[in-house]
Amino acid sequence: MMSKSKYLIALFAALFLLLLGIQVYFMYKTYQVKEREIYRTVHKGLTDYTDRLEDLGGIKSRTDDTIQKILIRYHDKKISKKEFLAFFENNRKDNEKHLSQYVDSRFKKEGYVIATKTEYISIVYAPDSTHLINQPIVLYETKNKVTNSKISNRGKWETTSKSTTTEGGQSRDDSFIVKSNTGFQILNIKTIIFKELALLTLCCAVLLASVLLIYIFTVKNLARQQKQVEVLHTVVDNISHEFKTPIATLKIASKALKKDLNPETLPLIDRQISRLENLMSQLHKDENDKEPTAIQPEDWNFFIQDLAFTYPEVNFDLSNQITNALPFDKSLMETLVKNLCENSVKYGSSHVNINISTIPHHFKIEVSDNGCGIEKKEFNHIFEKFYRIQSNNIHNTKGLGLGLYFVKKIVTKYHGTTDVSSRPEAGTTFKISIPYEN
């Protein structure tokens with residue numbers, strides 16, 4: 001059952017992680033689609049505008065001879081590189097403000113913060129393929145700078161000019177091949193997309209949270225049911241184990257009654273019947289509202305008398321120093337003492353000493369025997385459920401390995417401690433100390 005539960009939990013976890021991965025992938029692809037859609041819209045609006053910059057004071061608004069002359073003069077080294085670059089730098093500054101205002105107003109409604117830049121990436125003198133520039137020259141740029149262009153437009157155009165020289169009337173071809181690039185970037189694209197996908201993200205988060213809550217609830221419910229099953233098994237095991245002693249005692253008492261009437265036999269039968277009733281009541285705890293019966297000083301004597309009656313071949317020597325009632329469940333204390341003593345009997349003891357005493361705020365039980373003893377390596381296992389020592393088990397009475405398990409549970413219930421000392425073939429001593437308040 002537990003093994004199957006672990007497999008189901010593992011499967012549930014794997015499916016949840018798979019669902020989480022699918023949701024993350026879905027959100028990522030949705031983000032990409034939305035990003036492309038926004039960039040297409042911006043690209044269309046800005047491309048039309050940058051194409052019309054020639055009507056707004058750009059380089060191309062000047063006569064072809066002006067730019068042509070600048071290119072020719074730079075090619076012929078009649079102006080310096082600094083003067084050549086200054087020409088384009090001045091053009092950029094002249095158009096920066098107007099371009100920025102247009103871009104900001106064009107997409108103000110959408111809330112986009114956009115940066116754009118147009119630059120010459122290559123200028124080649126066609127006749128001899130001479131490159132005039134070795135790095136891009138910026139023509140137009142907004143105040144917001146492009147750091148990582150997401151969409152770029154590349155263009156190529158050629159200036160053609162037939163100029164006649166003064167010497168000999170010969171003409172020469174002064175055409176230039178110009179390559180340009182226009183880049184766009186939406187600086188707040190992530191914020192924009194997350195706002196637009198907020199509802200979808202929330203729905204996905206709610207879905208995942210719901211699945212996770214169902215998963216947690218299922219695991220907790222499974223653990224609770226497993227615990228209930230374990231408690232049920234423990235109760236059944238306990239009662240089945242405890243039934244053995246009163247039944248055996250009643251059988252012996254019944255035989256004694258058939259022979260002759262002993263004054264101690266009837267009280268013994270009454271005690272065993274009460275014990276059976278107490279055991280039966282454990283199966284119906286919900287219907288039993290009685291408070292546990294506190295144990296009286298004389299009850300310890302009765303416990304040992306019952307054992308002596310059940311095992312007449314064993315000598316039980318009790319030292320009862322208890323003078324007051326103790327705040328412990330009588331039924332549990334009877335189980336504790338009898339399980340310790342019966343464990344001694346099962347493992348070959350002919351003499352069992354029981355010492356019951358109190359010191360301030362502590363109750364002590366010591367049970368020692370002359371049985372076959374326990375090897376030290378077994379000390380960590382003897383209190384385990386269903387554990388039985390395999391070697392030296394020479395007594396005819398067999399058990400289920402539950403007696404010491406229930407002893408440990410009772411001691412733990414009252415926050416006590418258990419100490420074991422033993423030597424093979426020399427006997428075993430159990431010392432139990434339980435704290436209590438008057």
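So, leaving aside neighbours within four places in sequence, which residues is Ser-421 in contact with? They are Phe-379, Gly-427, Thr-428 and Thr-429, where contact means heavy atoms within 4.5 Å. Ser-421 sits in strand E13, residues 417-423. At 33% relative accessibility, Ser-421 counts as partly exposed; buried is under 20% relative accessible area, exposed is over 50%, and partly exposed is in between, with a 1.4 Å probe and protein chains only. Going C-alpha to C-alpha, Ser-421 is 8.3 Å from Lys-376 in space, and the two are 45 residues apart in sequence.

Some ground rules before I go on. This is a predicted model, so local features need pLDDT of at least 70 and side-chain atom pairs count only at pLDDT 80 or more, while totals for chains, interfaces and linings use all residues. Residues are numbered from 1 along each chain as its sequence is written, and side-chain values use heavy atoms, with hydrogens and water left out.

Now the overview. The chain has nine helices and 14 strands; those are DSSP runs numbered from the N terminus, with helices (H or I) of at least four residues and strands (E) of at least two. Of the 438 residues in the chain, 39% are buried. If you take contacts between residues at least 6 apart in sequence, 74% of them join residues at least 24 apart.

Next, the cores. A nonpolar core here is a set of buried Ala, Val, Leu, Ile, Met, Phe, Trp, Tyr and Cys residues joined through side-chain atoms within 4.5 Å. The largest one has 40 residues, and those with the most contacts inside it are Trp-300, Phe-316, Phe-328, Met-333, Leu-336, Cys-341 and Phe-363. Who supplies at least two residues of this core? Helix H7 (297-310), strand E10 (326-329), H8, strand E11 (351-359), strand E12 (362-369), H9 and strand E14 (427-435) each do. H8 gives the largest share, seven residues. There's also a second, separate core of 35 residues, which includes Leu-71, Phe-107, Ile-186 and Ile-189.

Let's look at H8 and H9 together. The axes of H8 (residues 330-346) and H9 (residues 403-413) come within 9 Å and cross at roughly 145°. For the record, axes are lines fitted to C-alpha atoms, for helices over the stretch in contact, and angles run from 0 to 180 degrees between N-to-C directions. On the H8 side, the contact residues include Leu-332, Met-333 and Leu-336, and on the H9 side they include Phe-406, Val-407 and Ile-410. By class, the contact has nine nonpolar, four polar and one charged residues. In that scheme Ala, Val, Leu, Ile, Met, Phe, Trp, Tyr, Cys and Pro are nonpolar, Asp, Glu, Lys and Arg are charged, and the others, Gly among them, are polar. The buried residues of H9 are Gly-403, Leu-404, Tyr-405, Phe-406, Val-407, Ile-410 and Val-411.

On to the rings. Rings of Phe, Tyr and Trp (its six-membered ring) pair if their centres lie within 6.5 Å; planes under 30 degrees apart are stacked, over 60 edge-to-face, and the rest tilted. That rule gives 14 aromatic pairs. Take Phe-84 and Phe-88: their ring centres are 5.1 Å apart and their planes are at 75°, so that pair is edge-to-face. They are four residues apart in helix H3 (residues 81-106), so about one helical turn separates them. Both Phe-84 and Phe-88 are buried.

Then there's Phe-328 with Phe-363: centres 5.5 Å apart, planes at 40°, so a tilted pair. Phe-328 lies in E10 and Phe-363 in E12, so the pair ties together parts that are 35 residues apart in sequence. Phe-328 is buried at 3% relative accessible area, and Phe-363 is buried at 0%.

Last stop, the backbone. Most residues other than glycine have a negative phi. Which way does His-415 go, positive or negative? Positive, at about 60°, although His-415 is not a glycine. His-415 is in the loop between H9 and E13, and at 67% relative accessibility it counts as exposed. Ser-129 also has a positive phi of about 60°, and Ser-129 sits in the loop between strand E1 (114-125) and strand E2 (130-131).
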